[in-house]
Amino acid sequence: RKWRQETERILYDVLNSPESGFHMAMYEDNLHLGFFGNAPMLVLDRPGNLPLFLSLPLPECLLDKNQDNRVDTIIRTYKKSAKQLVQAFPEAAKSNRVRAAINTNAAEKFTCIHAIRPRKSAIMGSRNALAMPWESLYVLVEEKMLLEESGFESFPAVVSRWIVSASEIYGRGCGDRALADTRMLMEIKRSGIKARQL
């Protein structure tokens with residue numbers, strides 16, 4: 001019982017720590033889930049630090065599922081500044097464009113792709129990141145440069161879906177049902193404003 005109590009305390013300490021970002025990620029996920037019906041969240045292990053909970057904006061993500069109707073693939077496209085790129089991936093400093101943006105303090109953003117998907121040549125139980133069941137690839141699009149290749153023992157994301165049928169990859173939320181009415185109300189409001197202006 002004491003062990004369970006201590007484990008529970010440690011778990012709550014991690015979840016309640018601002019460093020893990022759990023509560024902010026859950027808040028964003030609930031907004032996405034209720035309106036769009038999909039809420040992808042990454043749970044990243046950071047050796048020496050607390051795990052990081054990161055809510056992913058749905059427009060950035062491409063999802064795919066396996067034969068069990070579970071999401072097992074996320075391909076994410078997002079933008080980072082040169083400074084953020086080099087902080088996350090020292091390999092990016094080899095790019096002339098990235099170095100130039102850092103030196104001139106430019107606000108230029110670079111497009112990155114992060115793909116997490118099942119590895120075809122996985123070795124079960126392997127401690128080698130390049131042989132684990134899920135592969136993780138970071139690519140800098142502008143330079144066609146592989147920034148990092150690693151792996152995960154288990155799928156590092158939680159993808160909640162509101163209403164989903166067996167044939168669907170993406171879920172449907174309350175926003176889908178309200179979308180037609182919302183557009184109609186916006187059109188009525190727009191017509192009212194035009195009429196008042198006239």
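Let me start with a convention on accessibility: a residue is called buried under 20% relative accessible area, exposed over 50%, and partly exposed in between. By that rule Cys-174, at 43% relative accessibility, is partly exposed. Please also bear in mind that this is a predicted model.

The number of disulfides comes to zero, a pair of cysteine sulfur atoms having to lie within 2.5 Å to count. Cys-61 takes part in no disulfide, and the nearest cysteine sulfur, which belongs to Cys-112, is 14 Å away. Cys-61 counts as buried because its relative accessible area is 9%.

I turn now to the sheet that contains β1. Three strands form an open sheet in the order β2-β1-β8, and their pairing is antiparallel. Its edge strands are β2, residues 52–55, and β8, residues 157–161, each of which pairs on one side only. From one strand to the next, the twist averages 20°. Strand β1 covers residues 38–44 and is joined to β8 by five bridges in the antiparallel sense. As a point of reference in that pairing, Leu-42 stands opposite Ala-157 in β8.

What lies across β1, β2 and β8? The element in question is helix α2, residues 22–36, and it runs at about 155° to β1.

Strand β4, residues 71–81, runs antiparallel to β5, and eight bridges join the two. Within this pairing, Lys-80 stands opposite Phe-110 in β5. Strand β5 also pairs with β6 in the antiparallel sense, here over seven bridges. In that case Ile-116 is the residue opposite Ser-136 in β6.

Is Glu-135 buried or exposed? At 12% relative accessibility, Glu-135 counts as buried, since the cut-off for that class is under 20%. With which residue does the side chain of Glu-135 make a polar contact? The partner is Arg-117, whose side chain is reached at 2.5 Å. The pair also qualifies as a salt bridge, with the closest N and O atoms 2.5 Å apart. It links distant parts of the chain, Glu-135 being in strand β6, residues 134–140, and Arg-117 in strand β5, 18 residues apart. Arg-117, for its part, is partly exposed at 34% relative accessibility. Setting aside neighbours within four places in sequence, the contacts of Glu-135 include Ala-115, Ile-116 and Arg-119, and also Glu-149, Ser-150 and Gly-151.

That brings me to salt bridges in general. How many salt bridges does a search of the whole structure find? The search finds ten. Another of them joins the side chains of Arg-46 and Glu-19, at 3.9 Å from N to O.

Finally, consider helix α4 and what follows it. At the start of α4, residues 96–103, a side-chain oxygen of Ser-95 comes to within 3.4 Å of the backbone nitrogen of Arg-97. Arg-97 also forms a salt bridge with Glu-108, where the closest N and O atoms are 2.8 Å apart. Because Arg-97 lies in helix α4 and Glu-108 in the loop between α4 and β5, residues 109–118, the pair ties together parts that are eleven residues apart in sequence. Arg-97 is partly exposed at 38% relative accessibility, and Glu-108 is partly exposed with a relative accessible area of 30%. Just after α4, Asn-105 adopts a positive phi of about 60°.

Thank you for your attention; I would welcome discussion.

Conventions:
Residues are numbered from 1 along each chain as its sequence is written. This is a predicted model: local features need pLDDT of at least 70, side-chain atom pairs count only at pLDDT 80 or more; totals for chains, interfaces and linings use all residues. Side-chain values use heavy atoms; hydrogens and water are left out. Two strands pair if DSSP finds at least two bridges between them. Helices (H or I, at least four residues) and strands (E, at least two) are DSSP runs, numbered from the N terminus. Axes are lines fitted to C-alpha atoms, for helices over the stretch in contact, and angles run from 0 to 180 degrees between N-to-C directions. Contact means heavy atoms within 4.5 Å. A polar contact is a pair of N or O atoms within 3.5 Å; within protein, one must be able to donate a hydrogen and the other to accept it, and residues adjacent in sequence count only if both atoms are side-chain atoms. A salt bridge is a side-chain nitrogen of Lys or Arg within 4 Å of a carboxyl oxygen of Asp or Glu. Buried means under 20% relative accessible area, exposed over 50%, partly exposed in between (1.4 Å probe, protein chains only).
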